[in-house]
Structure formats: structure tokens, C-alpha cells
Amino acid sequence: MSIDETKEAPADDAAAAEGGGEKLSKKQLKKLAKGKVKKDKPKPTWGEPGQKKKSKEEGGGANKAISLPKREYVNDTPKGEKKRLGEMEEAYHPVAVESAWQDWWEARYVTSHDTLALIFSIKSGFYSCSPATAMSKPPSEKFVMVIPPPNVTGSLHLGHALTAAVEDTLTRWHRMKGDATLYVPGTDHAGIATQSVVEKMIMKQDNKTRHDLGRDAFISKVWEWKGEYGNRITTQLRRLGSSVDWSRERFTMDDMCSKAVIEAFNQFHEAGLLYRAERLGNWSCALKSAISDIEVDYIDLEGRTFLEVKTHKGNPNDAKGRYEFGVLTSFAYPVEDSEEKLIVATTRLETMLGDTAVAIHPEDPRYKHLHGKFVIHPFNGRRIPIICDGTLVDMTFGTGAVKITPAHDPNDYECGKRHNLEFITVLTPEGAINHNGAPFEGIMRYDARIAVEEALKEKGLYVGKEPNKMRLGLCSRSGDILEPMITPQWYVNCDSMAKRATDAVRNGELKIIPAEHEKTWFQWLDNIRDWCVSRQLWWGHQIPAYFATRKGEEGILKTDMSNNDRWIVARSEEDAYEKAMKLLGCSRDDVVLERDEDVLDTWFSSGLFPFSVMGWPDNTDDFKAFYPTSLLETGLDILFFWVARMVMMGLQLTDTLPFHTVYLHAMVRDKDGRKMSKSLGNVIDPLEVIDGCTLQTLLDKLEGGNLPPKEVARAKKDQEADFPDGIPECGSDALRFGLLAYTVQGRDVNLDMKRVVGYRLFCNKLWNATRFALQFVSDFQPTANILDDLMSSGKMAVRDKFMISRLMACSETVNDCFTNYKFGDAQMESYSYWMNDVCDVFLELIKPVVYDKSDENKDSRWAAQATLWVAIEAGLRILHPMMPFVTEELWQRLPGRGTLGDSEPQTIMLAEYPQCNPAFRDLGAEESMEVAMKIIRACRSLRQQYNIANKVLTHFFVKIASGSPEAAAIAQTDDIKTLGKAAVVDINPAEDVVPKSVGIVVIDESTTVLMDIKGLVDYAAEIKKLEKQLTKTTGPMDQLEKKMAAPGYEENVADDIKAKNIENLDGLKKKAADIEEAISNFKNLAELESS
């Protein structure tokens, strides 16, 4: 395990990158892991197994092709049994390492995990937790979390993988801490998204619409889709290592969740919070459904803009079929019984078909004579009143006259209510002009815009149009331009629930991390509007409301708001009949019930998820034991869609916060900062990273999707640029570890696949380090209390104490990071522990100790072996929550496994998570090692400067300050010799012992390292180097001397600063003197050799 950063490395080194591929130096490996590889090539190159090393001219160096060998692997372990571990392979192969473990974790009985001797479910194995266990624990020793249920529409993407990595890391950490731990999986029926996807599928496959199939047949198709892709999602979660309790898996439309939905709807209605009303809302013509305000995206137009409208056939006046937006069109209304015309303007000309007034300001002198008059609609002859409205009309804007379309504009809607105007809807649900817009009936809305303009021109009423800044609202689900439409919908009054949700954050009961999102939480909830919960879809929870009439009763229409009292909200059809009989005063045989065809907003059932999955409204054992949950972890993009609604609904329905903490992770974007979106074709399946895939596979996936041909072509071009050689096999551990590394960033994660590949190589480093270490402990037998035995043995060298101290420090830091949701910091700390403390330092230092099997070295060898076993074993436990597969595999391979007594856990996931024992921290040993490592780095630097071959051991002389630095150097002379490749190391030798021909590295004012270079050095070149170094030293020294000699220095400068300056000056003078002496020595040697 050489820590030499040069390209020379022993063939048997554990630091070799990949068996059969090109070796990477430690520096290159770290650059890959930290994402610091120079991006000087237009395309990433992953390389192929066995690829030859490239020169810099061929594209080698930091951006070299990385050879990641992929092997065929056959899992011979029977499903559910503990993995059969064969001989340890020379290199890390994810497919081999990650096989079999998940099946065993899920299937195993646990009979002696803790003092309660609990037996876990055979179905969920180590992942399960019994209600009895949870109820026996205080809240501080419970960890319960529900998965943000992914949409059942398809497969998970890398954003879901980040969620899984963060959540499972926390779950495994709490489980290892001994907490009663439950992580509940589930999927969401995703009403709009699922219906849209399946509609596109049947259109592409069968050229049919859902209406061609009919509701029942279409719903059957959706359930088929769910059966196929729901299983794919669970497969992905298993491959990611998510330790969820599969026995409690839920689907938001299963019986348990459906029961909760019906109960919640009824309770909201009974509390007076849920009502049915006809009001203006957002309507998606593409979906033929209402959507809520927070499902609206906006685009700002600076002026005249042409946009594609997918629900239209295309504008014949535009070469690309686009439609015109961002213009203000003016036209004139004829005033009744007059030759006068009143000019108005609009950005949505087609809405004039539904105009029911023209508003003027009551104080506008231009129109005083028109008070109480009418204009005539040019297409249907309708008398339109001229009304006075000082609230809506600005006299200084335009003509001062405003057309009013109450049924299609929010401001006009309020004006219509103030003046009791007629509300005329002119659009069909599909976005075509209806019978109220004759003679344009049947024409799609933007085609009608063109037709109305032409018709106005023919009538001489068209005035003109000009560019106009405007904002367009788009449906976040379909991308369709939304229409304000008046439709009857079900609403939930959220005012009181929102106040409780904001109060919970303000008083500290609910914590949002990062705290910066609290401001957004307050801004939205403090200004919340009633929630429209009904959707005009076929897929979803059908609203449990029934319209009741008597047999033979006529004229009672459900669309008439005056009949709202006929709507019965009930928990079942039987319940509805009972209520209807009481309402109508008749027998059951005379009651006619018609259930509302609409379904509930998907977020309604999702908002119940933390308690519906526990069996609410029934007071089940799970509900009593596991509710409220502990944490809600999700992406910040659904803070309002889901998180706020869970909090509001939990408080209203259970009178309890559903969780005490919300952790919001960043959004995952591609390396160019674009949101991962199916419409962009840049969505990556985690399995494509775990298993690797070819470029052709990525392209074929685009062909098999529902993207239009033009978007497929664009996405293919992007894929070819990003992954010219496909995606290399990285494994689940590397993907998880890489995603966690990104959580130190801000709001977004710009995922560069090359960085994930870097962590794939770290897995190999981990594998080889453990494999190499196993050679050192092959004859070592650990004890059940090995750490305590080691620390009390009195046999430990400084290096051993250093290693244990670093283990304690790492344990403390990582636990603190997990506690505070700093996953990126935890990842970096554990990475540094393995790369620096274990691999680069300790493994190298103990080589000569372990190889020496003499009786005199027996105690030192045992201490080195014991320390190594502890460092590796505990280091694997530290990593396990983040990298479950490779840590389990390596942990099971450690010597002594299965011999450590009844308390020994069966799996690493049930082993105790390492905690810091302050008594085992040894800052003195760490300081001593720091002194030794500074000297070692100087030794290496000298050898590198003079190109000393590895096989040549050199003679070093160390001049170091007396006291603890000198004591450290003396105590670790053997370690310095080992890592510095020294034959001899002399500490503070007499001046006459140091030869004249030496290379020098001045570490600081108290430490200088010299190396005998006689016969190995080009003296002229070395003199030139030292003269340059002298110049860099004498400059600061002269400046400091002048500063100290300046007038008033003694009187005006504080004593501590003067003392520091004296110390610095002495150090600089010593350094300059050492350099001058070295120059003189080189000159003398040069003269001697030339004479």
C-alpha cells in the first residue's frame, strides 16, 4: 500500500487501481473522487478493459481513459441464504460484491440481536421492526421514516437515487445505533402523470384514445402498467440497497390507503373545511382537468412571441405552425343606437366571445355620456352593458375602456361578482369554442383567435396590435397553456391548517433543514388559498360524494350550484343511502344516487401517507408504535406539493405533527445544470450506472419512450455527446457514495458521471486495502473485546496509538455529521480516514513490523495486527450506512468472524456503530505522527527532486527543535525510515557528521531535512534552485528587518507582536543561513569534482 504519489508503485501494491487495467496514482484517484479532473476534452472517455496506457499526447494524464473491467458473474448462493464467500478476488467487481446480500438481508431471521431477543419477520429479515420493540423505546431511541412514494408511471431516476442514498444512510445508521428503526416503502398512483403516460402509450401502440377504450378498460390498462413498472421500482430500490420493510409496502390506491382517503374526505367535510363551489380556476385543456395553483409554471414574454401549441394542428400562417402571443390587440365595440365606437384591447382576443361588459372609470370625462349605455357584440348581437368600475379601470392606460370576460379572467371574475354580470363560458373542456361562441363553434381556441381577428377586420372593427409584455401560465404536468375557467370543483379551506403548520415551525416543534427554506414555507402558507382537490380524470381515488334525487324527480341538475345540498359525502355507498333517505325523506327504493365521476388530487392521498401507511384511521399497533414518524426527507422541489400538505393534514386529522424534522436535499441535474426531465431525454436510470450500459442502450431507451420524434433526435445528440462510450459499471456503493458527496453543495446537484466513476475506484481502493491487510492478520485471532484489550495491553507503538486516535476522531465527526444531516461532510471524513490514515500511513508503517516474526518483535507485531484489525473492522462499520454492499462483503471476510461469542452480530448492519471513546483519543500520538509525516514528506520530496530510484535507500539527516518535536522524530525513526525509503535517519547529528554533499528541504523554522546526495546530483542545477529559494527568503527577511527598525516600532507595537516578529525573523535568518551554507557546499563540491 504505497503512498508514493509518483507513478512508480510496487506491482503487488494494494493501491493499484484495477486489476487488468491502468493503475492510477493516489493523486489521480483523489481528483476523480473530488471532481477536480481537468475538463480539457470535449467528450468523456471511460476506456475499455485492457486498454493500453496513453501518452499525454494521446489524451493521457488527469483526463485519461479509465479502465473499469467488467466481469461475468454467476451467483451460486441459493436465494435468501447467506452469501457463499469464495476466494477473494484480486480486484473489486461490483456485480460480484453486490450479489446475494440483499436477498439474505430481507430473508434472515434474527434471534439474538438485542436484550429483547426479538424475532424479525421472515419476509423482511433484518429490515423489520416489531411494534412491541418500538413501544418499549423512548422517542429518542426510535427512528421512523416513510419513503417519498415515487410515481408508479415508470422507473426511478438519479433524483430518486439521491433520496434513497440519504434516507437509507440514516436508516442504517440508526439501526446500528440500536434504535427501533422502520423505513416504510411505497409508490404513488400519480393521477395526472400516470393517466398521461398511459394515454400516450395506447395512442402510440394502438392509435386509440382513452375514450375509445372506455373508462373501465382504460383503468384496467393503468393497473397493468402499475403491475409492470411498480415491480421495476422495487427492483431498483433493492439494487440501491434500500433497507425498507417490504412487509409494510404500500400503494396509495391500495385498500389501506384508500380507506384513509375516504375517511379524511369525510372528516374534512364534517369539520366544515371541505365544500363544493363553482369558481374560476386553472384549467388544462390537454388534461381536460382543473389543476391547483401550485401546479402552474410561468413563462415571461418580453413581447411578440411565437409558441408551439401541442393540442392544436398548427397555425397555417406560420412556417413552423406556431401561434402568436405577447401582443395587445385592439378592436372596437359599436355603441348601441349610435355611430360611436368604444375601443378596447386584449391579449386573448378569442375571449371577446364571452364578454359581458365594458368597464370605464366613473370619473373619466371622456365617457361620462356613456354611463348606463350598451355596446353591441359584433358576432351575436348581444347587448353588453357599459359599467363604471374604479377598482379595475386605470384611466391612464390605453383607451381607458376595459372588456370584461368574467368566466375567463381572474380580474374580470371579481369585477363580474361586484356588478352581478353574466358569466359566459365560451370554451369546451378540450379548448374549442363552444355554442356560446357561435359562429366560431368547434374551432380550437388559438385558431379561433386568428379567425376572430379576420372577422373583425371584415367588419371594420379591427384597430391594430402591438407587442406587449405578458406572463403565460403553463400546466406543470402537460406543458399546456392554461385557461382560467369556471367549473364546479371540491375545495378544502386550508386557513386554519396552514396557521398550525406555520406556528409549528415558528415555535420550533417542526424543524426545516436547511433553515433557509423556512422563509419560503411561511411565504406560501401565510398566503395560502383554498385547495382545489377534484380532478376531471379517470385514474385516481373517485370522490366519495353522491348526488341524491328521488325516482322520477326532474329538473334537479348536479351542475346547478343551487342544488349543492343534494351532494352527500359518505364513507360508503350504504352510508350514502342512509344519509340520502334522511335528506329526502323517502325510502331506499326511491333514492337515486349518482357518484361524482371526478377523482381526488394525487397530493390528497400523498398528504396522508405518514399515517395512512400505519393503518389510520384504525388505531392499529403500527399506528400506536410508529406514528408520528421521525423525519421527512425529500427534494426541496415538493416542499409545498407534499410536505406542507402532510403537515396540515396530519395536524388536522391526527392532532399531531407527522414528523419533527424535514430535511430537504438538493435537486439532481445533469452536468450542464439542466433539470433531469423525460422531455429532455436526460433521465438516467440508477441501474444504468450500477450495471453500466452501452450508448446504444441509452439511444434505444429514447426510441422506446413516448417522446415526439424531434425531441428524440435532440436527446440522442445530447446522449452521444455525454456518453460516447456508454456508462461504465460503477455499482450501487459508488453511486450512493458519489451522490452523498454532492450534498455539500447548494440547491442543485450538477451530476458529473466521471465523479461517480472516481468513487468506483475508491471502492477498489477499499477492496485492495482490506485484501492487503488480510495478509497481515491471517494468523491473528481477535477477541470479543479486542479494542479494550489492545488499549490496556501496554504494547502499542506511537503509530498504533495514532491509528486508534484517528479512528475515534473519524467516529466522532461522522456521527456528528449524520446527526446534523451533513452527509457530504460525513462522506469526506470517512473517505479521508481510509485514504489517508489507513491506506497512506498505517498500512505502510506496519509492513516491516508484521513481516518481522521474531520473538523480540512478538508484542509489537501483535499490537500492529490488533490495531489493523480494529481500524479495518470499525472503518467498515463507519462506511456501512453509505456503502452497504462492499462493507458487508469485506466485514464478513475478516478473520475471527463467527468466533467472537454470542453477542457477535450476524451482519454488519446490526453491529454497533462506532462511537468515540475520549479516553482513546491520543492527541500526543497524532502530533507525533504529524511531525514524522512532515519529515517523511520532506524525505520523499528530496528523493523526487533528485530522481532517486525506489530501490536505492538514502541517508537522511534531520535538524529539528529540541523538546517534543525531537522526541517525536526519535520515537518514530523506524517509521520515517519505512515511508521515507531511508537506509539511515540521523536526528540532530553533530555538524561534522553531516556531509557537504546534501540536498536540503527546510520544512519550517524548526525543522530541516538533509539527504546525502554525493555522486547523485548535478551541482550546477542545484545551486540555481537554491539561489532562487534564497531570493524568496531574503526578500521577506529584509522587509521584516526594515519594519522592526522603523521609527516608533518599539513604542507603538504590542509586545506579543514584537515577540512574534523576532521569532519569525530568527526563523528566516536561520533558513537563509541554511540555504547559503548549502549553496556554498555545492560550490565547494563542484570545485572539488571538477579539479
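**View 1. The whole chain.** Welcome to a protein chain with 35 helices and 33 strands (DSSP runs numbered from the N terminus, helices being H or I of at least four residues and strands E of at least two). Its C-alpha atoms fill a box of roughly 125 × 75 × 65 Å along the principal axes. Of its 1091 residues, 55% count as buried, meaning under 20% relative accessible area with a 1.4 Å probe, protein chains only. Residues are numbered from 1 along each chain as its sequence is written. In this predicted model, local features need pLDDT of at least 70 and side-chain atom pairs pLDDT 80 or more, while totals for chains, interfaces and linings use all residues, and side-chain values use heavy atoms, without hydrogens and water.

**View 2. The largest nonpolar core.** This core holds 109 residues (a nonpolar core is a set of buried Ala, Val, Leu, Ile, Met, Phe, Trp, Tyr and Cys residues joined through side-chain atoms within 4.5 Å). Leu158, Val689, Leu735, Leu751, Met753, Trp834 and Leu868 touch the most other members. Helix H23 (residues 753-776) gives the largest share, 13 residues.

**View 3. Around Leu735.** Leaving out residues up to four places away in sequence, Leu735 touches Leu158, Ala161, Leu240, Pro686, Val689, Ile690 and Val756; touching here is a contact, with heavy atoms within 4.5 Å.

Conventions
Buried means under 20% relative accessible area, exposed over 50%, partly exposed in between (1.4 Å probe, protein chains only).
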